[in-house]
Amino acid sequence: MGSAQKIVTADQRHLYINLQPHFLTISEDLHSTYAFDAEGRLLSAFRQGINYQRGLSGAILKKQVVANGSKVCQMLSDAEARNLIAVVLAHVAQLRDLGLADQGKEVATWMDRILAWNVGRYSDERIRFSTIYQPVSILPPDQYLSLVLQAAEGCSWNRCSFCTFYLDRRFRIKTPTEFRSHVRQVKAFLGAGISMRRSIFLGDANALIVPQTRLRELIQVVHEEFTLNSRDSLQGIYAFLDIFGAEQKRVDDYRELHDALVRRVYIGLETGDDGVFQLLNKPGSPAACIEAVQTIKAAGIQVGVILLAGAGGTRLAAQHVANSLAALEAMQLGAGDIVYLSPLVVPANGTYANALAAAGSTNLDSAAINAQIAQLKTAARHVVGPGTRVTLYQIGEFIY
Ligand code: SF4
């Protein structure tokens, strides 16, 4: 059980401390608020009206609402991140001396744990993360608090015209021995901070195209290293599947995965339109994706289907919307399934831009993308079953 306390200092500052089983938050006058995991690592900070989120990698994302009411997300530079950490630690030390350390043994222990970190230790932690993980390029929004385990690295396709997530690495599947070593390093790295994590996410882009025999072995490693689905533990296994057509699994394979606690598979449909799909250079086809979703759902596993708002640009917008909605309808989504609408973010020049120009189309501007998101959101709710969430997926807000 958690506990919250309010302390009024001699100079009339109001300090708030919220002690939870897996994290602690400290606030001064609700103007500055900091959260720490059970190892004393900074998780988030709110200062001077700006939110900062620190990922396990040590990167810090600044989120700020600007004058026109829109949200701006920006990754801090190394120097800015170090500076923020120094400011937060100095402030926490000040709050400890103002009376936080006198609020009982448990709070005092948390203070010691938090202040055992310094800027140098945070920097070392970033380096250590990069020796255990390849960069965690992206996760679905409902999995930002998962524990990523890279059973495979990269994407076995890596040629979609709009995607740069895994261009920095070659696709490879780990052996069970290698994977176990990775898992153990991850566990040692997180320490008590693992209690903040809600589920296992099997990385990277296409863990579910790993041949069934190897996948079975890799998932077995997960079960040997963690007790899943007990109270207060990691709840289930999640993964992306972005390749349809090749390496198909049968419903029995997915049933086996369901029995091994695979709970949801995230699928980058991107568009239900064949022409736009081709322009994106996705492998397979929308029809193969629909079939994959139906197979996965027949095995009792939920799906998260990702659509790219703005894909195909101006000329193909109408058919992108219409055929994407038709694909969603054909998937017969229901309780626990999610439709993610992700605004397409691409460089002005590059493979996708060239393909778009060759198709006689141009990128939608942000107002038109927002209008398409609104249109898809409203219409999608009519073609999915009860209990399916339709929601936004802003990749700029991702941090791990
Ligand atoms: S399959 Fe997915 S991860 Fe791979 S290149 Fe395409 S969009 Fe990127």
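A salt bridge here is a side-chain nitrogen of Lys or Arg within 4 Å of a carboxyl oxygen of Asp or Glu. The model is predicted, so local features need pLDDT of at least 70 and side-chain atom pairs count only at pLDDT 80 or more, while totals for chains, interfaces and linings use all residues. Residues are numbered from 1 along each chain as its sequence is written, and side-chain values use heavy atoms, with hydrogens and water left out.

**View 1. A salt bridge joins Arg 216 and Glu 256.** The N to O distance in this pair is 2.3 Å, and the pair links Arg 216 in helix H5 with Glu 256 in helix H6 (residues 251-259), 40 residues apart; helices (H or I, at least four residues) and strands (E, at least two) are DSSP runs, numbered from the N terminus. Arg 216 counts as partly exposed at 43% relative accessibility, as does Glu 256 at 27%, where buried means under 20% relative accessible area, exposed over 50%, and partly exposed in between (1.4 Å probe, protein chains only).

**View 2. Glu 125 and Arg 41 form a salt bridge.** Their closest N and O atoms are 2.6 Å apart, and the pair connects helix H3 (residues 119-132), which holds Glu 125, to the loop between strand S4 (32-37) and strand S5 (42-47), which holds Arg 41. Glu 125 is buried, with a relative accessible area of 6%, and Arg 41 is buried at 3%.

**View 3. Residues around the ligand include Cys 155, Cys 160 and Asp 242.**

Methods: A residue is near a molecule or strand if one of its heavy atoms lies within 4 Å of it.
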